[in-house]
Amino acid sequence: MNDAPTLSTTISNDSVYEGAAYSYDASANFSDVDTTDTLTYSATLSSGSALPSWLSINSTTGVLSGTPENEDIGAIDVTVTATDSSSAAVSDTYTLTVNNTNDAPTVSTTIT
């Protein structure tokens, strides 16, 4: 008999600054008592839409990673799902906030 994977601990809300590399190992939050099962990982936005282009998940390791840019500032709700070898699954959703950094001023015209 197959037991479904479980959520060991909820994924904590997290943040990253735009322009900085983000990495989070979501596999640490999931477990399966069936020692012969291999978990695979997937992630979407909580709406079911695809992740933004800057963020991806490694389906084998469960590591979410990417580098957001200035246009990515704001909060997104990410749903991570762990699926076992028998297609039983468990999910958790957390909020990932991309914070703005204080960009250096630029010169738009030359002063003469």
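User: What makes E2 and strand E9 (residues 89-99) partners, and in which sense do they run?

Analyst: In this predicted model, E2 is joined to strand E9 by 4 bridges, and the two run parallel. Two strands pair if at least two bridges are found between them, so the 4 bridges joining E2 to E9 meet that requirement. Within this pairing, Asp14 stands opposite Leu96 in E9.

User: To which sheet do these strands belong, and what is the strand order?

Analyst: They belong to an open sheet of 4 strands, ordered E2-E9-E8-E5, with mixed pairing. Strand E2 (14-17) and strand E5 (40-45) are at its edges; each has a single partner strand, so one side of each lacks a neighbour in the sheet. From one strand to the next, the twist averages 30°.

User: Why is the pairing of this sheet called mixed?

Analyst: Strands of a sheet pair through backbone hydrogen bonds, either parallel or antiparallel. Here E2 and E9 run parallel, whereas E8 and E9 run antiparallel, joined by 10 bridges. E5 and strand E8 (residues 74-83) are also antiparallel, with 6 bridges. The sheet is accordingly described as mixed.

User: Why is Asp32 called buried?

Analyst: Buried means under 20% relative accessible area. Asp32 has a relative accessibility of 18%, so Asp32 counts as buried. This residue lies in the loop between strand E4 (30-31) and E5. Leaving aside neighbours within four places in sequence, Asp32 is in contact with Asp3, Ala4, Pro5, Asp37, Leu39 and Asp84.

User: How do you know that the side chain of Asp32 has a polar contact with the backbone nitrogen of Asp34?

Analyst: The backbone nitrogen of Asp34 lies 2.9 Å from a polar atom of the Asp32 side chain.

User: What makes strand E3 (22-25) and strand E6 (56-57) edge strands?

Analyst: They belong to an open sheet of 3 strands in the order E3-E7-E6, with antiparallel pairing. Strand E3 and strand E6 each have a single partner strand, so one side of each is left without a neighbour in the sheet. E3 is joined to strand E7 (residues 63-66) by 4 bridges, and the bridge partner of Ser23 in E7 is Ser65.

Definitions and conventions. Residues numbered from 1 in each chain as written. Predicted model: local features only at pLDDT ≥ 70, side-chain atom pairs only at ≥ 80, totals over all residues. Heavy atoms only, no water. Axes fitted to C-alpha atoms, helices over the stretch in contact; angles between N-to-C directions. Buried < 20%, exposed > 50% of the residue type's maximum accessible area, 1.4 Å probe, protein only. Polar contact = N/O pair within 3.5 Å; in protein donor to acceptor, adjacent residues only side chain to side chain. Contact = heavy atoms within 4.5 Å.
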